[in-house]
Amino acid sequence: MDSGAGGGGNSLPSGPDGVKRKVCYFYDPEVGNYYYGQGHPMKPHRIRMTHALLAHYGLLQNMQVLKPFPARDRDLCRFHADDYVSFLRSITPETQQDQLRQLKRFNVGEDCPVFDGLYSFCQTYAGGSVGGAVKLSHGHCDIAINWAGGLHHAKKCEASGFCYVNDIVLAILELLKQHERVLYVDIDIHHGDGVEEAFYTTDRVMTVSFHKFGDYFPGTGDIRDIGYGKGKYYSLNVPLDDGIDDESYHFLFKPIIGKVMEIFRPGAVVLQCGADSLSGDRLGCFNLSIKGHAECVRFMRSFNVPLLLLGGGGYTIRNVARCWCYETGVALGVEVDDKMPQHEYYEYFGPDYTLHVAPSNMENKNSRQLLDEIRAKLLDYLSKLQHAPSVQFQERPPDSELPEADEDEDEDDDDRDGTWEGDFDKLPSRVKREMVEPELKDLEGQKANAENARGFNTAAEETICTKALDVDSFSVDEPSVKVEQENVNKPFD
């Protein structure tokens, strides 16, 4: 491994830009103990395996390692319905038999089972993503990482696809306090439906999802789904077929994302790095190598825009840990050795004990003609967005108060984003008044009409759960945005 990386979170110069990146990494040692149940493909243990690799490759010393502050009820309710959050908080394996109606209503039970510590798990992974957004917004790092996050299927009123709380939507809402525009990019094999749906009617968040489409969960993500109302052309979907390889993937990814960055000019980027798009995934059917997957991280990093890296799917857990370890190195600008160091999970990686695994010889069903058509169609959509949208500046809502325990012994104790760990009731009344939750749940009725037109049933069992957030009432701190955008390409000291 390249051993010249400086301490204190500064990474090596990397690539043509040669700019150091300060990286914050969120990890809770408890996260690997949560267990979805016997035979369930989602295994939080993969996060602990990733962390062990990072420790033994020596990458942790190059980052600020932070334990996330658990997201509170009111943090989760900035997107999710109050009764859904209350349900998640109260349900246990012992009480679930008494709550069958609620389980059905909130889609909890099979793909999304009730397990011990479920709500704490949600608080932990959401706290890491929102904490990363806070760190980026305050300029305390260039890249924030939360491999426990990226659970992109969760909806306002229901669990879906192994996801209970949508940490990505919560993190984007936090970034929107500081940035006029936020870009979301999703390289999980499954469509990023929960995030797309939340921001389907706004021009302040652009979502771009690359995914398997056609008789595949969750069934959404058609190339013709492009957003609605003010959000038209601000949702992009890249539908792919089985066996896509590195070359075909980047034939689409680089020109599309390059044009998005040029036209949309986001103040921050969230990249969901689901590893089920890798070759050999237990649930996936793509043929990407770890280097091919990580090239998406390298490409996003090259724009020098504040970047939040999140996990997501990934069900061959030895390859998930390999991938996210390597991508942490990419974020830092450190090339890690292929030869794996000895560590507590070493036996998972036999018989080769290497970081990289060769893709298979499976057929790539994505013909050049198909790829050409997809690329042309999406670039045509983008041509209709030649000017970046603007947002009315308003008084900025308060930051989510998400302090975190700094696991670096030599970091200053007072580097806490101006956050506090005390009692809300002890704050001065003026501060309390300013911290009252902004009305984020006034949703656009147009979205419900749009979804009905597309054949969705928006009515839950007892309530109509309108889905798209109205983020136009969201304020941006004008001076901060201007200072941040001027400084975005300057090297970090």
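A disulfide is a pair of cysteine sulfur atoms within 2.5 Å. By this rule the count is zero disulfides. This is a predicted model, where local features need pLDDT of at least 70, side-chain atom pairs count only at pLDDT 80 or more, and totals for chains, interfaces and linings use all residues. Residues are numbered from 1 along each chain as its sequence is written, and side-chain values use heavy atoms, with hydrogens and water left out.

Take Cys 323. Its sulfur sits 7.3 Å from the closest cysteine sulfur, in Cys 273, too far for a bond. Cys 323 is buried, with a relative accessible area of 0%. Cys 285 is buried too, at 14%. Buried means under 20% relative accessible area, exposed over 50%, and partly exposed in between (1.4 Å probe, protein chains only).

Now helix α6, residues 167-176. Ten of its ten residues are buried, so the helix is largely enclosed by the rest of the structure. Among them are Asp 167 and Glu 174. Helices (H or I, at least four residues) and strands (E, at least two) are DSSP runs, numbered from the N terminus.

Next comes the loop between α10 (317-332) and α11 (368-383), which holds Asp 352. Asp 352 counts as exposed, at 57% relative accessibility. Pro 351 lies in this loop, and a cis peptide bond joins Gly 350 to Pro 351, with omega about 5°. Tyr 353 is in the loop as well. Its phi is near 55°, a positive value in a residue other than glycine. Most residues other than glycine have a negative phi, and most peptide bonds are trans.

Another cis peptide bond joins Phe 217 and Pro 218, with omega about 0°. Pro 218 lies in the loop between β5 (205-212) and β6 (235-240).
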